[in-house]
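Here is a short briefing on one protein chain. Keep the structure open while you read.

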Amino acid sequence: MKRLVSVVLLALMPLCAFAQAKGAFPSKPIRIVVYAAAGGQLDITARKFVDIASKYTKATFVVENKAGAGGLVGWEYVLSQPSDGYTLMAVTKTLIANHVKDEFDVDPMSLDWVAFLINDAEAIITNANSKVRTIQDIIADAKARPGQQIWVAPPGVDEVMTYKFWDKAGITGKYVPYDAGGQAMAAVIGQQATVYVGNPVDVRGKPDLMMAAISSENRFSQFPTVPTLKESGIKGLDSESFWRGFALKKGSPASVIAWYDDLFAKVSADPDWRQFNEKDGMEVVHYKKDAFNKIVESEIKDFKAYFKK
């Protein structure tokens with residue numbers, strides 16, 4: 001009888017070991033898919049996340065750049081992988097804008113948007129040496145030259161912010177798209193354009209540029225002299241931002257998402273992570289799956305409405 005019990009236990013041992021290995025996450029490297037080229041802000045942020053996360057987990061992260069088609073290449077790659085949590089996608093609001101504008105042939109909710117980590121406020125930026133510098137200057141100039149004032153920004157998020165501002169301010173202008181923010185800013189510096197729509201980091205090291213106003217409920221401590229849009233008389237644009245975060249393929253196990261929630265909370269509280277982002281006026285936050293999914297769904301509707309206009 002003892003021999004029979006021993007044989008049964010020996011037979012069950014591999015199954016138990018398999019069950020433990022299967023249940024232990026992570027048991028192999030995690031790939032972070034960046035849908036943009038290496039060296040960009042999203043790539044830098046993803047690699048900084050890996051650096052900070054190493055303080056709190058022994059998990060191995062490997063950053064893989066899969067650029068192309070406005071993010072669709074990376075998105076489709078993530079969807080081609082199992083829903084096991086080992087493929088994490090670095091995401092931004094631009095991905096949603098591109099999905100709507102370019103009509104990606106993927107369901108936007110084919111991803112579980114699990115962590116909204118950085119809130120990068122939209123800013124209205126002008127030439128510090130021109131006559132049109134403040135929000136009041138912009139509105140007065142636009143009304144004096146209906147439809148002629150030139151606004152520049154890369155397509156997508158900042159483009160829609162342009163339309164929203166015109167709508168709220170009761171003005172019109174000409175939107176000129178630039179593939180790169182640097183080129184668009186150069187147009188404002190050279191006074192070929194009046195307004196650039198971007199983020200606080202864009203004015204760093206550029207004395208010829210200034211923030212006329214920022215989209216926020218309150219002024220930023222890093223930029224105490226920059227008024228909010230609400231202070232400048234533009235209502236309804238208090239929370240426009242360029243966010244960054246992470247997503248998993250839909251259907252990832254709840255236990256895996258819980259593991260990520262814990263890690264994201266620790267990284268978000270880390271002083272090095274906060275300093276890295278906050279020095280340029282970005283707000284460090286941590287919105288989990290349910291809240292983030294609702295934000296994405298709302299912004300899809302928003303983009304559809306403005307792109308249709």
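Which residues does Ala128 touch, not counting residues up to four places away in sequence? They are Arg133, Pro207, Asp208, Leu209 and Met210. Bear in mind that this is a predicted model.

**Around Ala128**
- Ala128 sits in the loop between strand S5 (123-127) and helix H5 (135-144).
- Met282 is 154 residues away from Ala128 along the chain, and the C-alpha atoms of the two are separated by 22 Å.

**Two helices in contact**
- Two packed helices are described by the angle between their axes and the distance between the axes.
- For helix H8 (residues 254-269) and helix H9 (residues 271-278), the axes come within 5 Å and cross at roughly 65 degrees.
- Helix H8 contributes Val267, Ser268 and Ala269 to the contact, while helix H9 contributes Pro271, Trp273 and Arg274.
- Four residues of this H8 and H9 contact are nonpolar, one is polar and one is charged.

**Salt bridges**
- The structure has 19 salt bridges.
- One of them joins Lys55 and Asp272, with the closest N and O atoms 2.7 Å apart.
- Lys55 lies in the loop between helix H2 (41-53) and strand S2 (61-65), and Asp272 lies in helix H9, so this pair ties together parts that are 217 residues apart in sequence.
- Lys55 is partly exposed, at 45% relative accessibility.
- Asp272 is also partly exposed, at 40%.
- Arg244 and Asp120 form another salt bridge, at 3.6 Å from N to O.
- Here strand S10 (residues 241-249) holds Arg244 and strand S4 (residues 111-121) holds Asp120, so the pair ties together parts 124 residues apart in sequence.
- Arg244 counts as buried because its relative accessibility is 7%, under the 20% cut-off.
- Asp120 is buried too, with a relative accessible area of 0%.
- Asp302 and Lys164 meet in a salt bridge at 2.4 Å, N to O.
- Asp302 belongs to helix H10 (residues 289-308) and Lys164 to helix H6 (residues 157-169), so this pair ties together parts 138 residues apart in sequence.
- Asp302 is partly exposed at 28% relative accessibility, whereas Lys164 is buried at 5%.
- Salt bridges that share partners join Lys55, Asp270 and Asp272 into one network.

**Aromatic rings**
- The count of aromatic pairs is 25.
- Phe25 and Tyr86 make a tilted pair, with 4.7 Å between ring centres and 55 degrees between the planes.
- Phe25 is in the loop between helix H1 (2-23) and strand S1 (30-34), and Tyr86 is in the loop between helix H3 (72-79) and strand S3 (87-92), so the pair ties together parts 61 residues apart in sequence.
- Both Phe25 and Tyr86 are buried.
- Phe303 and Phe307 count as stacked because their planes are at 15 degrees, with ring centres 5.9 Å apart.
- Both of these residues, Phe303 and Phe307, lie in helix H10, four residues apart, about one turn of the helix.
- Phe303 is buried, with a relative accessible area of 3%, but Phe307 is partly exposed at 21%.
- One aromatic cluster includes Phe25, Tyr86, Trp259 and Trp273 among its members.

**Charges over rings**
- The charged end of Lys28 sits over the ring of Tyr86, 4.7 Å from the ring centre.
- Lys66 has its charged end over the ring of Tyr77, 4.3 Å from the ring centre.

Technical notes
Residues are numbered from 1 along each chain as its sequence is written. This is a predicted model: local features need pLDDT of at least 70, side-chain atom pairs count only at pLDDT 80 or more; totals for chains, interfaces and linings use all residues. Side-chain values use heavy atoms; hydrogens and water are left out. Helices (H or I, at least four residues) and strands (E, at least two) are DSSP runs, numbered from the N terminus. Contact means heavy atoms within 4.5 Å. Axes are lines fitted to C-alpha atoms, for helices over the stretch in contact, and angles run from 0 to 180 degrees between N-to-C directions. Ala, Val, Leu, Ile, Met, Phe, Trp, Tyr, Cys and Pro count as nonpolar, Asp, Glu, Lys and Arg as charged, and the others, Gly among them, as polar. A salt bridge is a side-chain nitrogen of Lys or Arg within 4 Å of a carboxyl oxygen of Asp or Glu. Buried means under 20% relative accessible area, exposed over 50%, partly exposed in between (1.4 Å probe, protein chains only). Rings of Phe, Tyr and Trp (its six-membered ring) pair if their centres lie within 6.5 Å; planes under 30 degrees apart count as stacked, over 60 as edge-to-face and the rest as tilted. A charge sits over a ring if NZ of Lys or CZ of Arg is within 6 Å of the ring centre and within 35 degrees of the ring normal.
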